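Subject: Handover of a structure

Dear colleague,

Please find the structure below.

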Amino acid sequence: MSQVDSSVGGKTGVNHQLGKNLIGTFYQPQSVLIDTDTLNTLPERELASGFAEVIRLGLIGDTEFFAWQERNMYALMARDPDALAYVIKRSCENKAEIVSLDEKEDGLRATLNLGHTFGHLPFLVDQPYYNVSHKLKFYNSLSIAGNRNWLWLHGEAVAVGTEVMAVDMSYRLGWIDNSVVERVHKIIKQAKLPTGPPENVTVKMFKSVMALDKKVADGLLRLVLLKGPLALDETFCKS
């Protein structure tokens, strides 16, 4: 996850009782050092979690990269060193380009949140201490140092938020055709990522968590969706 996403961009954030990642700053590093050999120490599930962010980068504007992933996902899962080196380099280049154009997330950088607004709920809600009627207490418990009692990894939730929710909504709006839906579904399964949210998730839970998303502005929730053959065209606001 850090090698393809969080180490690039200078964004730092912590959770607050009113929401996830609401407090933070932008502090750009002088350099980022990546040792790809460390990936051999990861369990397969952690490795796959990072690929969810790679898939997202291909979807939001680099169709050639997405097509390369489709051809090479099995090599990535097998930890082929050349494939890993390429996917890390390309991911860093993609994110760095977006950040250089919009460091403080005034517009373009928000496209990196594809799947995250939907995905935050599976990531957060599948916890033994979640209670929709006590969401502020729930969020506060997430910010306690050392709390790692989470059943879903970040990338797993992003995969579900992207494939099941953002892609599905884009299709329902008529912004993408079924071929895109099928391609995303196939690569998510190749990466051994989940393709559905926890069974205990309800509409009420979604509304509760998404209402506190950092991208809410003037009472409107901004969702990052796909538009066109296979490229993100815009974000839109929907109450």
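Of the 239 residues in the protein chain, 47% are buried (under 20% relative accessible area with a 1.4 Å probe, protein chains only; exposed is over 50%, and partly exposed lies in between). The model is predicted, so local features need pLDDT of at least 70 and side-chain atom pairs count only at pLDDT 80 or more, while totals for chains, interfaces and linings use all residues. Residues are numbered from 1 along each chain as its sequence is written, and side-chain values use heavy atoms, with hydrogens and water left out.

The secondary structure of the protein chain comprises nine helices and five strands (DSSP runs numbered from the N terminus: H or I of at least four residues for helices, E of at least two for strands). Of the contacts with a separation of 6 or more, 70% are between residues 24 or more positions apart (a contact being heavy atoms within 4.5 Å).

Helix α3 covers residues 63-77 and reaches 20 Å from its first C-alpha to its last, close to the 21 Å expected (1.5 Å times one less than its number of residues). A bend of about 60° occurs at Arg71, taken as the angle between axes fitted to the seven residues ending there and the seven starting there. The buried residues of α3, including Phe65, Trp68 and Met73, pack against α2 (44-59), α4 (81-101) and α8 (178-190). Just after α3, Arg79 has a positive phi of about 65°.

Turning to charged pairs, the count comes to nine salt bridges (a side-chain nitrogen of Lys or Arg within 4 Å of a carboxyl oxygen of Asp or Glu). Asp5 pairs with Arg56, the closest N and O atoms being 3.1 Å apart. This pair links distant parts of the chain, with Asp5 in helix α1 (residues 2-6) and Arg56 in helix α2, 51 residues apart. Asp5 also forms a salt bridge with Lys95, at 3.0 Å between the closest N and O atoms. Lys95 lies in helix α4 and Asp5 in helix α1, so this pair ties together parts that are 90 residues apart in sequence. Lys95 counts as buried because its relative accessibility is 7%; Asp5 counts as buried at 10%. Asp5, Glu53, Arg56 and Lys95 are linked in a network of salt bridges.

A further salt bridge joins Glu156 and Arg45 (2.5 Å, N to O). Glu156 is buried, with a relative accessible area of 9%, whereas Arg45 is partly exposed at 43%.

Yours sincerely
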